[in-house]
Amino acid sequence: MSVARFWRKQINRYNLVGTHCKTCDAYYYPPRNVCPKCRRDGEIESHKFSGPGEIVTYTVIHTAAEGFEHQAPYVLGIVQLDEGPRFTSQIVCKPEDARIGMKVKPVFRKLGESGDNGMIYYGTKYVPA
Amino acid sequence: MRDVAIIGVKNTKFGEMWERSFRDIVVEAGIGAIEDSGVSGDRLDGMYVGNMSGGQFVEQEHIGALIADYSGLSLDLHIPSTRVEAACASGGLAFRQAVMAVASGHEDIVMAAGVEKMTDVSSTAASSALAAAADREWEGIMGATFPGLYAMIARMHMNQYGTTSEQMAAVAVKNHKNGSMNPIAQYKSPITVDSVLNSIMVADPLHIFDCSPITDGAAAVVLAPADIAHEYTDTPIYIKATAQASDTIALHDRRDITTLDASVSAGKRAFEMAKMTPADIDLVEVHDCFTIAEICAIEDLGFAKKGEGGKMTEEGETAIGGKIAVNTSGGLKSCGHPVGATGIKQVVEVTQQLRGEAGGRQVDGAEVGMTHNVGGSGATAVVHILARER
């Protein structure tokens with residue numbers, strides 16, 4: 001990912017900042033510019049999520065994505081935050097310990113890097129609560 | 001709107017074609033479809049070409065013009081050619097654009113083609129190109145892969161409905177059996193449930209034999225207004241419905257992770273347009289990029305009750321001769337999945353079935369068939385209903 005492309009959403013990734021629609025009271029993470037339900041009637045504001053959530057579903061990836069080879073096998077999950085929205089995150093735990101419904105909490109972790117001299121990408125991963 | 005008919009079809013072989021280029025294979029498919037239709041290339045009013053990632057797989061963009069040029073349809077004729085992109089549903093969507101061009105009356109004789117040349121890059125680079133069909137900023141950055149996304153669908157389906165690894169393997173076994181009777185298929189050797197379960201794990205619970213392979217291939221069809229189709233062929237196949245739907249690009253934003261709402265919506269629209277129900281369909285080519293995807297597809301399209309797709313497959317109801325023949329071609333699993341070509345290949349298979357030209361995999365008395373092509377993990381779905389009778 002280019003530096004600019006990462007940088008634009010850096011505050012969201014570092015701090016779990018998403019959005020809240022004041023019209024329908026729905027929360028979104030990753031952030032949205034337009035509320036998918038209210039569309040132009042929606043009023044979007046920034047919202048920092050409390051953090052805790054639970055695993056909705058997960059997989060253990062053995063054939064890694066490019067740049068993640070040294071991490072395999074790794075647990076990838078969909079986490080539902082306490083406020084409602086779901087997003088995709090790595091779950092830092094032993095593959096055999098992961099399970100649907102597991103309570104998890106966020107941690108600040110390195111996600112990747114663009115080469116030896118490039119930007120290091122940080123963001124949110126999840127660990128068992 | 002005018003009724004539209006298919007008057008010519010052609011699939012190339014699907015597989016690892018190291019000796020052949022992107023333009024070689026799509027020209028073979030295009031010329032084959034033209035010859036099958038009996039029209040002359042200069043009669044074409046337009047071309048629509050499905051291609052997902054020429055820019056990443058062969059570092060070639062401007063695909064529409066390239067193909068018109070190498071088919072001999074640019075110089076002097078200047079026939080318009082348009083590339084259509086919807087990730088793995090690019091072929092199905094190119095077909096839909098071609099159908100709409102003829103139905104609207106704006107164009108008469110039109111070609112829809114699909115092509116992908118995936119083996120000119122390493123498998124890592126191919127996987128990376130395919131990952132662009134998901135949400136790169138919020139799924140890809142976390143290390144998500146396509147097998148990983150479908151594995152999360154599979155895990156949830158197993159958890160909610162008791163679907164088993166054996167039931168998913170049964171999809172692969174059936175499709176390899178069907179593909180063994182299809183001369184264009186990449187993998188023609190039959191497999192067993194045990195060989196699927198003993199193959200290496202890619203993304204738990206999906207084994208490598210649960211996944212469609214990386215493949216080169218092209219396919220093309222020629223369309224005409226139904227009123228004049230008999231001038232070209234004795235066996236025109238009529239388009240009874242064309243439908244498309246969108247959903248969230250990221251899997252995590254779906255209403256229900258085990259249901260592809262885009263497939264549900266496109267299927268519903270197609271049945272309404274054709275004034276049909278699932279009971280009217282004799283065979284369906286569904287998007288089985290992974291075995292769980294076929295189980296979801298037959299549920300989403302209404303051929304199986306929600307949660308019973310795995311059981312129905314295991315009991316043989318989706319085999320040729322069963323309640324509904326699913327993926328008679330061998331599907332993406334056995335034919336291979338050259339992403340931009342798959343949607344057109346599905347149309348070619350259904351056309352050959354309805355013409356009675358499917359050889360050993362022929363569905364007896366096939367009158368009506370359906371195609372279902374998905375982009376990404378379900379952000380686009382394209383569904384068509386084809387029939388022998390107008």
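These are my notebook entries on the interface of chain A and chain B, one residue of chain B and one strand of chain A.

**Set-up.** I worked on a predicted model, in which local features need pLDDT of at least 70 and side-chain atom pairs count only at pLDDT 80 or more, while totals for chains, interfaces and linings use all residues. Residues are numbered from 1 along each chain as its sequence is written, chains are lettered from A and ligands numbered from 1 in the order in which they are written, and side-chain values use heavy atoms, with hydrogens and water left out.

**Interface.** I looked up contacts (heavy atoms within 4.5 Å) and found 35 residues of chain A against 27 residues of chain B. The buried area (accessible area, 1.4 Å probe, that two parts lose on being put together, summed over both) is about 2,800 Å², with 63% of it from carbon and sulfur atoms.

I then took salt bridges (a side-chain nitrogen of Lys or Arg within 4 Å of a carboxyl oxygen of Asp or Glu), and the rule finds 2 across this interface. One of them joins A:Arg32 to B:Asp253, with the closest N and O atoms 3.0 Å apart.

For polar contacts I used N or O pairs within 3.5 Å; within protein, one atom must be able to donate a hydrogen and the other to accept it, and residues adjacent in sequence count only if both atoms are side-chain atoms. The interface has 13 residue pairs of this kind, both residues at pLDDT 80 or more.

Helices (H or I, at least four residues) and strands (E, at least two) are DSSP runs, numbered from the N terminus. On the side of chain A that touches chain B, S4(A) gives the most, with 6 residues.

**Pairing across chains.** Strands pair if DSSP finds at least two bridges between them. S4(A) runs antiparallel to S5 of chain B (residues 201-204), joined by 2 bridges; A:Ile61 has B:Ala203 as its bridge partner.

**B:Gln167.** This residue lies in helix H7 of chain B (residues 165-179). Buried or exposed? B:Gln167 is buried, because its relative accessibility is 11%; the cut-offs are under 20% for buried and over 50% for exposed, with partly exposed in between (1.4 Å probe, protein chains only). Its side chain makes a polar contact with that of B:Glu314 at 3.2 Å.

**S1 of chain A.** In this strand (residues 17-21), 5 of 5 residues are buried. S1(A) is antiparallel to S3(A) (residues 44-48) over 5 bridges, with A:Val17 opposite A:Lys48. S1(A) also pairs antiparallel with S2(A) (residues 27-28) over 2 bridges, where A:Thr19 partners A:Tyr28. In the hairpin of S1(A) and S2(A), with 5 residues between the strands, I noted a positive phi near 65° at A:Asp25.
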